[in-house]
Amino acid sequence: VVAIFGVLFAGAAYLPIEPSFPAARVVEILGESRAPLALVQTASYAALTTAPAEDDGVTPPPPLVLLSDAMGAVRGLDGKFVQSMESAAPLPCGASDLVYVMYTSGTTGKPKGVQVGHGPLMMRTSWMQSAYEVRMMDVVPFKTSFIFGVSEWEIFWPLLTGASLVLAKPGGHRDPQYIAQLIHSERVSI
């Protein structure tokens, strides 16, 4: 979630990719999307750096930045980072500017990248807020994989309204007992 906001703050769009995908699939998505940079988890880094070369007919991945290194750099800045974020002028952004690109599952053939702009995301979260009204004291769980479209409102809706966002562990959505325990222990209200 922090990485997503970092990407958006930089004026870019994010492209979530499931870390468990085979490296060849990840490289294909990164090549097709023309991503200029990829934030990756340590477990994915080695597989992507040994992916097939361009002469094998595959576009090589973009420069890789370890997410742990990026987060370490942010933590190392301490208060300076917060001060720079508070004083930075927001980048101009229009309704048609991209927020994210999601790749379909490919059930009807080859997976395709679907581009989503700020306008549709804001319309969805505004509608949800008017229909369900999340308040600042509410707690909302984030339990969906980043690669599914529903994840965007699970992240942005509570944060845009000032509510708290509780992150479920990766794969936690598959365990009803874990989700029930999370709801209870974190006092999830939505």
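Which residues in H1 meet which residues in H7? In this predicted model, Ile4, Phe5 and Leu8 are the residues in H1 that meet Ile155, Phe156 and Leu159 in H7.

## Overall architecture

The secondary structure of the protein chain comes to eight helices and six strands, and these elements follow the pattern α-α-β-α-β-α-α-β-β-α-β-α-β-α when read along the sequence. The protein chain has 190 residues, of which 30% count as buried. Among contacts in the protein chain between residues at least 6 apart in sequence, 63% join residues at least 24 apart.

## Helix H1 against helix H7

Helix H1, which spans residues 2-9, has an axis that comes within 12 Å of the axis of H7, and the two axes cross at roughly 75 degrees. Because angles of 65 to 115 degrees count as roughly perpendicular, H1 is roughly perpendicular to H7. The residues of the contact of H1 with H7 divide into six nonpolar, no polar and no charged.

## Helix H6 against helix H7

Helix H6, formed by residues 118-132, also packs with H7, at an angle of about 65 degrees and with the axes 10 Å apart. This arrangement makes H6 roughly perpendicular to H7, and the crossing in which H6 passes H7 is right-handed. On the H6 side the contact is made by Leu121, Met122, Arg124, Thr125, Met128, Gln129 and Tyr132, while H7 contributes Glu152, Trp153, Phe156, Trp157, Leu160 and Thr161. Taken by residue class, the contact of H6 with H7 divides into eight nonpolar, three polar and two charged residues.

Phe156 of H7 takes part in the contact with H6 and also meets H1.

## Thr125 within helix H6

Thr125 is found in helix H6 and is one of the residues through which H6 makes its contact with H7. With a relative accessible area of 4%, Thr125 is buried, since buried means under 20% relative accessible area.

Thr144 is found in the loop between strand S5 (139-142) and helix H7 (150-161). Although this residue belongs to a loop, Thr144 counts as buried, at 16% relative accessibility. Leaving aside its neighbours within four places in sequence, Thr144 is in contact with Val150, Ser151 and Glu154. The side chain of Glu154 is joined to the side chain of Thr144 by a polar contact of 2.8 Å.

## Lys112 in the loop between strands S3 and S4

Lys112 is found in the loop between strand S3 (98-103) and strand S4 (113-117), and at 46% relative accessibility Lys112 counts as partly exposed. The side chain of Lys112 reaches the backbone oxygen of Lys110 at 3.0 Å, while Met102, Tyr103 and Thr104 are touched by Lys112 when residues up to four places away in sequence are not counted. Lys112 and Glu32 are 80 residues apart in sequence, and their C-alpha to C-alpha separation in space is 9.4 Å.

Note on methods
Residues are numbered from 1 along each chain as its sequence is written. This is a predicted model: local features need pLDDT of at least 70, side-chain atom pairs count only at pLDDT 80 or more; totals for chains, interfaces and linings use all residues. Side-chain values use heavy atoms; hydrogens and water are left out. Helices (H or I, at least four residues) and strands (E, at least two) are DSSP runs, numbered from the N terminus. Buried means under 20% relative accessible area, exposed over 50%, partly exposed in between (1.4 Å probe, protein chains only). A polar contact is a pair of N or O atoms within 3.5 Å; within protein, one must be able to donate a hydrogen and the other to accept it, and residues adjacent in sequence count only if both atoms are side-chain atoms. Contact means heavy atoms within 4.5 Å. Axes are lines fitted to C-alpha atoms, for helices over the stretch in contact, and angles run from 0 to 180 degrees between N-to-C directions. Angles under 35 degrees count as roughly parallel, over 145 as roughly antiparallel, 65 to 115 as roughly perpendicular and the rest as oblique. A crossing is left-handed if the near helix is turned anticlockwise from the far one by less than a right angle, and right-handed if clockwise. Ala, Val, Leu, Ile, Met, Phe, Trp, Tyr, Cys and Pro count as nonpolar, Asp, Glu, Lys and Arg as charged, and the others, Gly among them, as polar.
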